[in-house]
Amino acid sequence: MAGERLAQELTDLADEKVDHRFKALPPDAAGRTVGELAAERRNLFTDGFTTPVLALSAASVEHNLALLETYTARHGLAFAPHGKTSMAPQLFARQLAHGAWGITAAVPHQARVYRDFGIQRIFLANEVVDAAALHWLAGELAADPDFRFICYVDSVRGIELMDAALRAAEATRPVDVVIELGAGEGARTGARTEAECRELADAIAGVDTLRLVGVAGYEGEVPGADQERVTAWLRRLVALAADLDACGRFTDLDEIVVSAGGSAWFDTVAEVFADLPELSAPILKLLRSGAYVSHDDGHYRHLTPFNRVPDEGALQPAFRLWAQVVSRPTPEQAFLNAGKRDAAYDLDLPQAQTVRSGRDGTLRPAAGITVTGLSDQHAWLRTEHAGDLEVGDWVALGLSHPCTSFDKWQLIPLVEEDGTVVDFIRTFF
(Lines give C-alpha, C1' and ligand atoms only; values in the text may rest on other atoms or scores of the structure.)
Protein backbone atom coordinates (compact mmCIF):
# COMPACT_ATOMS: atom_id res chain seq x y z
CA MET A 1 0.00 0.00 0.00
CA ALA A 2 2.78 2.44 0.97
CA GLY A 3 4.68 1.62 -2.22
CA GLU A 4 1.56 2.26 -4.27
CA ARG A 5 1.12 5.66 -2.62
CA LEU A 6 4.71 6.66 -3.35
CA ALA A 7 4.38 5.52 -6.95
CA GLN A 8 1.18 7.55 -7.36
CA GLU A 9 2.71 10.66 -5.85
CA LEU A 10 5.67 10.39 -8.25
CA THR A 11 3.25 10.00 -11.15
CA ASP A 12 1.54 13.18 -10.01
CA LEU A 13 4.91 14.97 -10.07
CA ALA A 14 5.17 14.17 -13.77
CA ASP A 15 1.85 15.95 -14.30
CA GLU A 16 3.19 19.26 -13.00
CA LYS A 17 3.22 22.02 -15.59
CA VAL A 18 6.49 23.50 -16.80
CA ASP A 19 6.59 27.26 -16.30
CA HIS A 20 8.72 30.17 -15.09
CA ARG A 21 9.25 28.61 -11.63
CA PHE A 22 11.84 26.23 -12.99
CA LYS A 23 15.21 27.62 -14.01
CA ALA A 24 16.86 26.77 -17.32
CA LEU A 25 14.04 24.78 -18.92
CA PRO A 26 13.36 25.45 -22.62
CA PRO A 27 11.08 28.48 -23.01
CA ASP A 28 9.10 26.67 -25.68
CA ALA A 29 8.27 23.90 -23.18
CA ALA A 30 6.00 26.19 -21.15
CA GLY A 31 2.61 24.56 -20.70
CA ARG A 32 3.83 21.01 -21.17
CA THR A 33 3.89 18.69 -18.20
CA VAL A 34 7.21 17.57 -16.76
CA GLY A 35 6.44 14.05 -17.96
CA GLU A 36 5.74 15.23 -21.48
CA LEU A 37 8.99 17.20 -21.60
CA ALA A 38 10.95 14.21 -20.28
CA ALA A 39 9.39 11.97 -22.93
CA GLU A 40 10.75 14.26 -25.65
CA ARG A 41 14.30 13.29 -24.60
CA ARG A 42 15.69 16.67 -25.54
CA ASN A 43 19.40 17.34 -25.64
CA LEU A 44 20.69 19.59 -22.87
CA PHE A 45 22.97 21.49 -25.26
CA THR A 46 21.01 21.80 -28.48
CA ASP A 47 17.30 21.64 -27.68
CA GLY A 48 16.46 24.88 -25.97
CA PHE A 49 17.79 24.69 -22.40
CA THR A 50 19.11 28.03 -21.19
CA THR A 51 22.19 28.63 -19.08
CA PRO A 52 23.01 28.26 -16.31
CA VAL A 53 21.60 24.75 -16.03
CA LEU A 54 22.35 22.16 -13.36
CA ALA A 55 22.40 18.55 -14.59
CA LEU A 56 22.66 15.20 -12.83
CA SER A 57 24.37 12.28 -14.53
CA ALA A 58 21.91 9.40 -14.76
CA ALA A 59 24.74 6.86 -14.90
CA SER A 60 26.59 8.27 -11.88
CA VAL A 61 23.46 8.46 -9.73
CA GLU A 62 22.66 4.82 -10.49
CA HIS A 63 26.27 3.80 -9.82
CA ASN A 64 26.26 5.54 -6.43
CA LEU A 65 22.91 4.06 -5.40
CA ALA A 66 24.08 0.56 -6.25
CA LEU A 67 27.46 1.02 -4.54
CA LEU A 68 25.98 1.95 -1.14
CA GLU A 69 23.41 -0.82 -1.41
CA THR A 70 26.23 -3.31 -1.88
CA TYR A 71 28.40 -1.72 0.82
CA THR A 72 25.73 -1.69 3.53
CA ALA A 73 24.63 -5.24 2.75
CA ARG A 74 28.23 -6.47 2.87
CA HIS A 75 28.72 -4.95 6.31
CA GLY A 76 25.37 -5.94 7.80
CA LEU A 77 24.10 -2.37 8.09
CA ALA A 78 20.59 -1.05 7.68
CA PHE A 79 20.52 2.23 5.75
CA ALA A 80 18.42 5.36 6.21
CA PRO A 81 20.12 7.89 3.90
CA HIS A 82 19.74 11.49 4.96
CA GLY A 83 17.04 13.02 2.77
CA LYS A 84 18.05 16.61 3.53
CA THR A 85 20.77 16.20 0.92
CA SER A 86 18.40 16.16 -2.03
CA MET A 87 14.84 16.57 -0.67
CA ALA A 88 13.89 14.72 -3.85
CA PRO A 89 11.18 12.05 -3.46
CA GLN A 90 12.15 10.50 -6.80
CA LEU A 91 15.60 9.82 -5.36
CA PHE A 92 14.07 8.59 -2.09
CA ALA A 93 12.09 6.04 -4.08
CA ARG A 94 15.24 4.84 -5.79
CA GLN A 95 17.13 4.67 -2.50
CA LEU A 96 14.34 2.54 -1.05
CA ALA A 97 14.37 0.35 -4.15
CA HIS A 98 18.09 -0.11 -3.54
CA GLY A 99 17.44 -1.53 -0.10
CA ALA A 100 17.19 1.49 2.19
CA TRP A 101 15.39 0.83 5.50
CA GLY A 102 13.90 4.33 5.47
CA ILE A 103 14.87 7.98 5.03
CA THR A 104 16.49 10.30 7.61
CA ALA A 105 15.20 13.82 8.23
CA ALA A 106 16.58 16.75 10.23
CA VAL A 107 13.47 18.85 10.94
CA PRO A 108 9.69 18.28 11.03
CA HIS A 109 9.06 20.00 7.71
CA GLN A 110 11.20 17.42 5.96
CA ALA A 111 9.27 14.63 7.67
CA ARG A 112 6.01 16.18 6.44
CA VAL A 113 7.32 16.09 2.87
CA TYR A 114 8.33 12.46 3.32
CA ARG A 115 4.91 11.50 4.65
CA ASP A 116 3.09 13.31 1.85
CA PHE A 117 4.98 11.02 -0.52
CA GLY A 118 4.20 7.90 1.50
CA ILE A 119 7.56 7.28 3.21
CA GLN A 120 6.82 4.69 5.91
CA ARG A 121 10.02 4.81 7.98
CA ILE A 122 11.53 8.10 9.10
CA PHE A 123 14.53 8.62 11.39
CA LEU A 124 14.63 12.26 12.50
CA ALA A 125 18.17 12.99 13.67
CA ASN A 126 17.21 15.79 16.02
CA GLU A 127 15.15 16.41 19.13
CA VAL A 128 11.57 17.50 18.31
CA VAL A 129 10.15 19.93 20.88
CA ASP A 130 7.78 21.92 18.64
CA ALA A 131 4.25 21.34 19.98
CA ALA A 132 2.62 21.86 16.58
CA ALA A 133 4.98 19.34 14.95
CA LEU A 134 4.35 16.81 17.71
CA HIS A 135 0.59 17.25 17.31
CA TRP A 136 0.98 16.49 13.61
CA LEU A 137 3.18 13.50 14.39
CA ALA A 138 0.66 12.09 16.85
CA GLY A 139 -1.97 12.27 14.12
CA GLU A 140 0.26 10.50 11.61
CA LEU A 141 1.04 7.70 14.05
CA ALA A 142 -2.62 7.28 14.97
CA ALA A 143 -3.77 7.21 11.35
CA ASP A 144 -1.21 4.67 10.11
CA PRO A 145 -0.23 1.75 12.34
CA ASP A 146 2.53 0.79 9.87
CA PHE A 147 4.26 4.19 10.07
CA ARG A 148 7.59 3.95 11.95
CA PHE A 149 9.10 7.16 13.32
CA ILE A 150 12.22 7.57 15.50
CA CYS A 151 13.79 10.80 16.78
CA TYR A 152 16.49 11.94 19.20
CA VAL A 153 16.23 13.06 22.80
CA ASP A 154 19.15 14.79 24.49
CA SER A 155 17.66 16.70 27.44
CA VAL A 156 15.22 16.21 30.30
CA ARG A 157 13.54 19.47 29.33
CA GLY A 158 13.05 18.15 25.82
CA ILE A 159 11.41 15.02 27.21
CA GLU A 160 9.09 17.19 29.32
CA LEU A 161 8.10 19.27 26.30
CA MET A 162 7.52 16.20 24.13
CA ASP A 163 5.42 14.52 26.82
CA ALA A 164 3.27 17.62 27.38
CA ALA A 165 2.67 18.16 23.66
CA LEU A 166 1.82 14.52 22.99
CA ARG A 167 -0.56 14.41 25.95
CA ALA A 168 -2.27 17.57 24.71
CA ALA A 169 -2.58 15.94 21.27
CA GLU A 170 -4.12 12.84 22.91
CA ALA A 171 -1.49 10.66 21.24
CA THR A 172 -2.54 7.03 20.93
CA ARG A 173 0.93 5.63 20.18
CA PRO A 174 4.18 6.47 21.96
CA VAL A 175 6.90 8.15 19.93
CA ASP A 176 10.02 6.00 19.56
CA VAL A 177 13.14 7.85 20.67
CA VAL A 178 16.88 7.21 20.83
CA ILE A 179 19.21 8.92 23.25
CA GLU A 180 21.75 11.07 21.42
CA LEU A 181 25.28 10.79 22.75
CA GLY A 182 27.16 13.99 22.00
CA ALA A 183 30.42 13.71 20.14
CA GLY A 184 32.42 15.48 22.85
CA GLU A 185 32.93 18.85 24.48
CA GLY A 186 32.51 21.61 21.95
CA ALA A 187 30.60 19.33 19.57
CA ARG A 188 27.06 19.90 18.39
CA THR A 189 23.95 18.41 20.08
CA GLY A 190 23.66 15.39 22.35
CA ALA A 191 24.14 14.50 26.01
CA ARG A 192 27.79 14.93 26.92
CA THR A 193 28.22 12.10 29.42
CA GLU A 194 27.01 8.56 29.93
CA ALA A 195 25.62 9.62 33.33
CA GLU A 196 23.41 12.19 31.57
CA CYS A 197 22.28 9.49 29.14
CA ARG A 198 21.22 7.28 32.04
CA GLU A 199 19.25 10.22 33.50
CA LEU A 200 17.48 10.60 30.17
CA ALA A 201 16.65 6.90 30.11
CA ASP A 202 15.13 7.28 33.61
CA ALA A 203 13.08 10.26 32.47
CA ILE A 204 11.77 8.45 29.39
CA ALA A 205 10.77 5.50 31.57
CA GLY A 206 8.64 7.91 33.60
CA VAL A 207 6.34 8.87 30.73
CA ASP A 208 4.06 6.78 28.57
CA THR A 209 4.16 9.05 25.51
CA LEU A 210 7.73 8.05 24.61
CA ARG A 211 9.42 4.68 24.12
CA LEU A 212 13.20 4.27 24.32
CA VAL A 213 14.40 2.11 21.42
CA GLY A 214 18.13 2.76 21.25
CA VAL A 215 21.05 5.17 21.06
CA ALA A 216 22.47 7.32 18.29
CA GLY A 217 24.79 10.17 17.42
CA TYR A 218 26.88 11.75 14.68
CA GLU A 219 30.58 11.00 14.57
CA GLY A 220 31.21 13.78 12.05
CA GLU A 221 31.04 16.28 14.93
CA VAL A 222 33.85 14.67 16.95
CA PRO A 223 36.25 17.58 17.66
CA GLY A 224 39.46 17.16 15.69
CA ALA A 225 37.96 14.09 14.03
CA ASP A 226 40.48 11.48 12.98
CA GLN A 227 40.46 7.69 12.89
CA GLU A 228 41.44 7.32 16.54
CA ARG A 229 39.01 9.91 17.94
CA VAL A 230 36.08 8.76 15.82
CA THR A 231 36.70 5.13 16.77
CA ALA A 232 36.86 6.02 20.45
CA TRP A 233 33.55 7.90 20.30
CA LEU A 234 31.83 5.08 18.40
CA ARG A 235 33.02 2.62 21.03
CA ARG A 236 31.44 4.86 23.67
CA LEU A 237 28.18 4.73 21.73
CA VAL A 238 28.31 0.93 21.51
CA ALA A 239 29.14 0.66 25.22
CA LEU A 240 26.22 2.97 26.05
CA ALA A 241 23.83 0.70 24.19
CA ALA A 242 25.11 -2.32 26.10
CA ASP A 243 24.96 -0.48 29.44
CA LEU A 244 21.35 0.70 28.97
CA ASP A 245 20.36 -2.78 27.85
CA ALA A 246 21.97 -4.33 30.92
CA CYS A 247 19.97 -1.88 33.05
CA GLY A 248 16.75 -3.14 31.47
CA ARG A 249 15.97 0.04 29.55
CA PHE A 250 15.14 -1.73 26.26
CA THR A 251 12.13 -3.81 27.27
CA ASP A 252 9.67 -5.57 24.97
CA LEU A 253 11.43 -4.43 21.80
CA ASP A 254 11.60 -6.30 18.51
CA GLU A 255 14.93 -4.58 17.84
CA ILE A 256 17.35 -2.16 19.48
CA VAL A 257 18.50 0.77 17.33
CA VAL A 258 22.16 1.83 17.27
CA SER A 259 22.68 4.57 14.70
CA ALA A 260 25.51 6.78 13.44
CA GLY A 261 27.14 7.52 10.15
CA GLY A 262 27.60 10.61 8.03
CA SER A 263 29.44 10.65 4.73
CA ALA A 264 32.99 10.95 6.08
CA TRP A 265 33.43 8.00 8.47
CA PHE A 266 30.96 5.29 7.52
CA ASP A 267 33.82 2.80 7.12
CA THR A 268 34.75 3.33 10.76
CA VAL A 269 31.08 3.02 11.75
CA ALA A 270 30.90 -0.30 9.90
CA GLU A 271 34.07 -1.52 11.62
CA VAL A 272 32.98 -0.62 15.15
CA PHE A 273 29.37 -1.74 14.69
CA ALA A 274 30.66 -5.14 13.57
CA ASP A 275 31.85 -5.61 17.16
CA LEU A 276 28.53 -4.79 18.81
CA PRO A 277 27.91 -7.31 21.60
CA GLU A 278 24.77 -9.40 21.66
CA LEU A 279 21.91 -7.51 23.33
CA SER A 280 18.50 -8.54 24.62
CA ALA A 281 16.95 -8.04 21.17
CA PRO A 282 18.29 -8.00 17.60
CA ILE A 283 20.23 -4.83 16.77
CA LEU A 284 19.28 -2.47 13.94
CA LYS A 285 22.68 -1.04 12.95
CA LEU A 286 21.47 2.04 11.15
CA LEU A 287 23.75 4.10 8.88
CA ARG A 288 22.54 7.56 7.75
CA SER A 289 24.97 8.84 5.08
CA GLY A 290 23.28 11.04 2.48
CA ALA A 291 25.75 12.90 0.26
CA TYR A 292 26.69 9.74 -1.63
CA VAL A 293 23.71 9.97 -3.99
CA SER A 294 25.35 12.71 -6.04
CA HIS A 295 28.80 12.84 -4.40
CA ASP A 296 30.81 15.91 -5.52
CA ASP A 297 34.05 17.25 -6.98
CA GLY A 298 35.34 18.92 -3.83
CA HIS A 299 34.68 18.36 -0.15
CA TYR A 300 33.25 14.84 -0.32
CA ARG A 301 35.64 13.73 -3.03
CA HIS A 302 38.46 14.37 -0.55
CA LEU A 303 36.88 12.91 2.59
CA THR A 304 34.91 9.91 1.30
CA PRO A 305 35.80 6.71 3.17
CA PHE A 306 36.23 4.98 -0.18
CA ASN A 307 39.59 6.77 -0.39
CA ARG A 308 40.64 4.64 2.58
CA VAL A 309 39.04 1.42 1.33
CA PRO A 310 39.43 1.61 -2.47
CA ASP A 311 38.81 -2.12 -2.84
CA GLU A 312 35.18 -1.43 -1.76
CA GLY A 313 34.55 0.78 -4.81
CA ALA A 314 34.42 4.49 -5.60
CA LEU A 315 31.65 7.07 -5.78
CA GLN A 316 31.21 9.21 -8.89
CA PRO A 317 30.42 12.95 -8.91
CA ALA A 318 27.03 13.33 -10.58
CA PHE A 319 26.59 17.12 -10.74
CA ARG A 320 27.61 19.39 -13.59
CA LEU A 321 26.58 23.02 -13.62
CA TRP A 322 26.77 24.24 -17.19
CA ALA A 323 27.21 27.98 -17.60
CA GLN A 324 28.06 30.18 -20.55
CA VAL A 325 30.88 32.65 -21.10
CA VAL A 326 29.18 36.03 -21.33
CA SER A 327 32.20 38.31 -21.02
CA ARG A 328 35.90 38.09 -21.91
CA PRO A 329 37.21 41.53 -20.95
CA THR A 330 40.94 40.63 -20.80
CA PRO A 331 43.14 37.69 -21.88
CA GLU A 332 43.32 36.62 -18.21
CA GLN A 333 39.66 37.06 -17.30
CA ALA A 334 36.34 35.56 -18.30
CA PHE A 335 32.91 35.58 -16.69
CA LEU A 336 30.19 32.94 -16.69
CA ASN A 337 26.50 33.59 -16.15
CA ALA A 338 26.27 31.38 -13.03
CA GLY A 339 26.94 32.53 -9.49
CA LYS A 340 25.93 32.12 -5.88
CA ARG A 341 22.26 31.74 -6.82
CA ASP A 342 23.13 28.66 -8.88
CA ALA A 343 26.22 26.99 -7.42
CA ALA A 344 27.20 25.69 -3.98
CA TYR A 345 29.95 27.83 -2.48
CA ASP A 346 29.78 27.23 1.28
CA LEU A 347 32.67 24.74 1.34
CA ASP A 348 34.69 25.18 -1.86
CA LEU A 349 34.40 27.17 -5.07
CA PRO A 350 33.25 25.31 -8.19
CA GLN A 351 35.91 23.74 -10.40
CA ALA A 352 36.02 24.17 -14.17
CA GLN A 353 35.91 20.66 -15.66
CA THR A 354 35.04 20.80 -19.35
CA VAL A 355 34.57 23.39 -22.09
CA ARG A 356 31.99 22.92 -24.84
CA SER A 357 32.73 25.09 -27.86
CA GLY A 358 30.04 27.63 -28.65
CA ARG A 359 30.99 27.30 -32.32
CA ASP A 360 30.83 23.58 -33.03
CA GLY A 361 29.92 21.80 -29.78
CA THR A 362 33.24 19.98 -29.41
CA LEU A 363 34.38 19.17 -25.88
CA ARG A 364 37.81 19.76 -24.36
CA PRO A 365 39.25 19.72 -20.83
CA ALA A 366 39.09 23.05 -19.01
CA ALA A 367 42.88 23.19 -18.72
CA GLY A 368 44.27 26.45 -17.40
CA ILE A 369 40.85 27.71 -16.27
CA THR A 370 40.23 28.45 -12.58
CA VAL A 371 37.16 29.77 -10.77
CA THR A 372 38.44 32.50 -8.47
CA GLY A 373 35.18 33.88 -7.09
CA LEU A 374 31.42 34.08 -7.34
CA SER A 375 29.08 37.04 -7.49
CA ASP A 376 25.34 36.60 -7.27
CA GLN A 377 25.01 35.78 -10.98
CA HIS A 378 28.59 35.59 -12.25
CA ALA A 379 31.51 33.22 -11.86
CA TRP A 380 34.93 34.86 -12.07
CA LEU A 381 37.40 32.87 -14.13
CA ARG A 382 41.15 33.21 -14.48
CA THR A 383 42.60 31.89 -17.72
CA GLU A 384 46.20 31.17 -18.60
CA HIS A 385 45.91 31.79 -22.34
CA ALA A 386 43.87 34.16 -24.44
CA GLY A 387 42.56 31.29 -26.57
CA ASP A 388 41.27 29.20 -23.67
CA LEU A 389 37.75 30.60 -23.86
CA GLU A 390 35.56 32.86 -25.94
CA VAL A 391 32.14 34.38 -25.43
CA GLY A 392 29.47 31.77 -26.14
CA ASP A 393 31.42 28.74 -24.89
CA TRP A 394 29.76 26.52 -22.30
CA VAL A 395 31.76 25.54 -19.22
CA ALA A 396 30.92 22.56 -17.00
CA LEU A 397 31.55 23.28 -13.34
CA GLY A 398 32.09 20.57 -10.75
CA LEU A 399 30.53 21.46 -7.41
CA SER A 400 31.39 20.95 -3.77
CA HIS A 401 28.73 20.02 -1.17
CA PRO A 402 25.64 18.24 -2.54
CA CYS A 403 23.27 19.63 0.10
CA THR A 404 23.72 23.24 -1.00
CA SER A 405 23.67 22.29 -4.68
CA PHE A 406 20.30 20.56 -4.68
CA ASP A 407 18.60 23.30 -2.70
CA LYS A 408 19.16 25.96 -5.37
CA TRP A 409 17.22 24.06 -8.04
CA GLN A 410 13.58 22.94 -8.00
CA LEU A 411 13.74 20.82 -11.15
CA ILE A 412 17.00 19.23 -12.25
CA PRO A 413 17.54 17.48 -15.60
CA LEU A 414 18.78 13.90 -15.33
CA VAL A 415 21.03 13.37 -18.34
CA GLU A 416 22.78 10.61 -20.21
CA GLU A 417 26.41 10.97 -21.24
CA ASP A 418 25.54 12.49 -24.63
CA GLY A 419 23.34 15.16 -23.03
CA THR A 420 19.98 13.44 -23.59
CA VAL A 421 17.60 14.43 -20.80
CA VAL A 422 15.74 11.33 -19.60
CA ASP A 423 13.93 12.73 -16.56
CA PHE A 424 13.67 15.70 -14.20
CA ILE A 425 14.32 15.50 -10.46
CA ARG A 426 11.93 17.63 -8.35
CA THR A 427 13.20 18.99 -5.04
CA PHE A 428 11.22 20.27 -2.03
CA PHE A 429 13.21 22.66 0.17
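I will start with the whole chain and then turn to the aromatic rings.

This is a predicted model, where local features need pLDDT of at least 70 and side-chain atom pairs count only at pLDDT 80 or more, while totals for chains, interfaces and linings use all residues. Residues are numbered from 1 along each chain as its sequence is written, and side-chain values use heavy atoms, with hydrogens and water left out.

The protein chain has 12 helices and 18 strands; these are DSSP runs numbered from the N terminus, with helices being H or I of at least four residues and strands E of at least two. The C-alpha trace spans about 70 × 50 × 35 Å along its principal axes. Of the 429 residues, 54% are buried, meaning under 20% relative accessible area, with exposed over 50% and partly exposed in between, using a 1.4 Å probe and protein chains only. Among contacts with a separation of 6 or more, 71% come from residues 24 or more positions apart; a contact means heavy atoms within 4.5 Å.

Now the rings. How many aromatic pairs does a search of the whole structure find? It finds 14. Rings of Phe, Tyr and Trp (its six-membered ring) pair if their centres lie within 6.5 Å; planes under 30 degrees apart are stacked, over 60 edge-to-face, and the rest tilted.

One of the pairs is F79 with Y292, which is tilted, at 5.4 Å centre to centre and 50° between the planes. F79 is in strand β2 and Y292 in the loop between β9 and α11, so this pair ties together parts that are 213 residues apart in sequence. F79 counts as buried at 5% relative accessibility, and Y292 is buried with a relative accessible area of 5%.

Another pair is F319 with F406, edge-to-face, with 4.8 Å between centres and 65° between planes. F319 belongs to strand β10 and F406 to helix α12, 87 residues apart, and the pair links these distant parts of the chain. F319 is buried at 3%, and F406 is buried at 0%.

There is also an aromatic cluster formed by F45, W322 and W394.

Last, charges over rings: NZ of Lys or CZ of Arg must be within 6 Å of the ring centre and within 35 degrees of the ring normal. R115 lies over the face of F147, 3.9 Å from the ring centre. K340 lies over the face of Y345, at 5.4 Å from the ring centre.
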